[in-house]
Amino acid sequence: MFHVLVSDSISNDGLAPLLNDENINVVQKKVSEVDDLEKYDALLVRSATKVTEELLQKMTNLKIVARAGVGVDNIDVEAATKYGVVVINAPDGNTISTAEHTFAMMASLVRHIPQANVSVKSGEWNRSAFLGTELYGKSLGIIGLGRIGSEIAKRAKAFGMNVLVFDPFLTKDRAQKLGVNSCKLDEVLAQADIITVHTPLTKETRGLLGKENIGKTKKGVYLLNCARGGIIDEEALIHYLEIGHVKGVALDVFEVEPPVNRKLLDFEQVIATPHLGASTKEAQLNVASQVAEEVLKFLNGKPVTNSINLPTLTKDIFDKIQPFYKLAKKLGQLASQYMKEPVQHIGIVYEGTVAELETSFITKAFLAGFLGERVDSTVNEVNAGLIAKERGISFSEKIASNGSGYANCIAVQVDGDHRTFSVKATYIPNYGERIVDLNGFDIDFYPAGEVLYVEHIDKPGVIGRVGKVLGDHGVNIATMQVGRKNIGGEAIMVLTCDKLIDDQLIEALVQFDDIVSAKTIHL
Ligand SMILES: NC(=O)C1=CN([C@@H]2O[C@H](COP(=O)(O)OP(=O)(O)OC[C@H]3O[C@@H](n4cnc5c(N)ncnc54)[C@H](O)[C@@H]3O)[C@@H](O)[C@H]2O)C=CC1
Ligand SMILES: O=C(O)C(=O)COP(=O)(O)O
């Protein structure tokens with residue numbers, strides 16, 4: 001049974017896949033009202049719940065945070081990554097609603113609709129007080145031409161507006177397709193009659209329209225923020241409203257929500273809505289069903305499509321990757337148990353068909369397997385790279401042309417303080433995983449269960465002695481493989497056993513002169 005906490009108001013129709021699944025217990029409560037936070041596997045939020053590091057520390061069983069919307073600035077993604085928690089969002093479910101809301105705000109702003117509405121309802125009939133401005137023929141500056149910005153651009157063009165865009169990631173092609181003018185920020189600031197921001201809130205965009213940049217705008221400019229509070233600095237807004245430089249402002253979002261800066265809201269020329277961009281039946285249904293489907297897939301071990309902190313894989317690609325992903329995790333466990341010493345570098349080389357896949361995901365699986373043997377905290381493919389770096393382990397991956405002769409091959413070299421470990425493995429469809437090389441010895445075994453790894457001298461009688469010791473300890477041998485480089489030289493023996501191998505058995509084995517070392521590895 002999985003436990004899912006829905007801590008903001010999210011459409012029940014959209015949540016149906018989770019609510020109707022008998023293996024899932026859905027609790028709809030604010031985080032502050034829940035006293036058994038440690039039991040939840042998944043947390044679903046909108047913008048109200050703040051997913052802080054402190055909350056993540058309390059939710060010790062948490063595996064996934066799903067944002068039923070776009071902005072993840074209320075989620076500490078870095079902390080989630082550290083704790084191995086996947087973060088997903090619903091990137092396009094509320095695009096149209098937010099674009100339409102922004103457009104409604106823009107029309108309301110230049111025609112004073114909210115103010116006129118209050119006036120008429122209070123019994124006045126003051127037509128001359130509300131002289132407006134047409135949108136037609138005006139220049140609209142859009143800062144951030146992503147999903148929402150693009151939808152606004154299309155609508156603005158339909159209204160006969162000239163669209164000026166600042167987005168450092170906008171290609172010429174895309175600008176041409178949308179019929180917008182790609183500009184420098186200063187050009188947008190200097191030429192636009194109305195400016196609307198549609199970037200995420202990041203270190204770069206916080207205060208993007210602050211004292212200096214608003215100062216570069218046309219006198220009489222209209223400003224809109226339906227993206228995130230803080231992209232337009234509220235104190236700077238107050239200043240430019242006071243001196244009459246900014247003619248009107250429309251805000252759907254605030255630096256603190258609900259807003260505490262009453263001074264800003266007291267301006268007659270400031271119109272506001274309480275973060276309503278995504279508040280339509282359609283958008284709420286879209287985002288809720290998108291995240292519900294994703295969470296359900298994730299809990300059932302399937303890939304998610306809209307992850308913020310994991311490579312995004314489609315089902316098709318995931319199915320192709322899965323065997324290698326499992327194999328790489330085992331190789332990580334094998335290497336870690338073999339090394340049992342500090343490690344500086346892990347190098348992975350992919351050959352053949354596996355090299356055509358999303359290898360970064362497979363590398364993370366290796367790291368997760370490797371670190372899982374050494375680190376107390378939960379390690380998975382979300383946080384494995386970060387934890388490796390924290391522990392001073394560098395890692396690299398390369399693609400090589402097919403030199404091993406196998407259709408696919410993962411070759412790993414682990415460099416430790418005192419020695420190096422290397423392994424090569426392949427996956428054969430309908431046959432399974434095979435380790436084909438261990439520390440330079442040709443070998444062929446299925447990596448699973450209790451493995452005994454013996455380094456010895458290639459001499460008659462050694463295999464018999466090992467078999468006898470195992471027999472004397474009541475351990476049955478399931479499979480056995482030997483590998484050597486030269487006759488009478490160094491050799492290895494890999495046995496898979498039906499029973500746990502204890503320290504006494506290892507001690508009994510290393511008593512023999514021709515047995516160099518013996519180790520157990522559990523896969
Ligand atoms: N008011 C509301 O209810 C809603 C607000 N939002 C907000 O709108 C934001 C935008 O949403 P989408 O368009 O879906 O995101 P998106 O990711 O599709 O687009 C963001 C655009 O901003 C651009 N950008 C990033 N940094 C920039 C910078 N420094 N200067 C200029 N452009 C920059 C990116 O290149 C991208 O094209 C979200 O991050 C969210 O905070 C989203 C949905 C609803
Ligand atoms: O999707 C977004 O980024 C939004 O800002 C919508 O926020 P909400 O889900 O309405 O709290």
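Which side-chain atom lies 3.3 Å from an oxygen atom of ligand 1? It is a polar side-chain atom of Arg228. This is a predicted model, in which local features need pLDDT of at least 70, side-chain atom pairs count only at pLDDT 80 or more, and totals for chains, interfaces and linings use all residues. Residues are numbered from 1 along each chain as its sequence is written, chains are lettered from A and ligands numbered from 1 in the order in which they are written, and side-chain values use heavy atoms, with hydrogens and water left out.

**Ligand 1**
- An oxygen atom of ligand 1 is 2.7 Å from a polar side-chain atom of Asp167, and a nitrogen atom of ligand 1 is 3.0 Å from a backbone N or O atom of Cys226.
- On its own, ligand 1 has 860 Å² of accessible area, and the protein covers 87% of this (Shrake-Rupley method with a 1.4 Å probe).

**Ligand 2**
- Among the residues around ligand 2 are Arg46, Asn94, Arg228 and His275.
- Oxygen atoms of ligand 2 lie 2.8 Å from a side-chain N or O atom of Arg46, 2.9 Å from a polar side-chain atom of Asn94 and 2.7 Å from a side-chain N or O atom of His275.
- Ligand 2 alone exposes 310 Å², of which the protein buries 90%.
- The shell around ligand 2 divides into 3 nonpolar, 5 polar and 3 charged residues.

**Salt bridges**
- The count comes to 18 salt bridges (a side-chain nitrogen of Lys or Arg within 4 Å of a carboxyl oxygen of Asp or Glu).
- Lys330 and Glu433 form a salt bridge at 2.8 Å, N to O.
- Lys330 lies in helix α13 (residues 315-339) and Glu433 in strand β17 (residues 432-438), so this pair ties together parts 103 residues apart in sequence (helices, H or I of at least four residues, and strands, E of at least two, are DSSP runs numbered from the N terminus).
- Both Lys330 and Glu433 are buried (buried means under 20% relative accessible area, exposed over 50%, partly exposed in between, with a 1.4 Å probe and protein chains only).
- A network of salt bridges links Glu151, Lys154 and Arg155.

Key. Polar contact = N/O pair within 3.5 Å; in protein donor to acceptor, adjacent residues only side chain to side chain. Near = heavy atom within 4 Å. Nonpolar A, V, L, I, M, F, W, Y, C, P; charged D, E, K, R; others polar.
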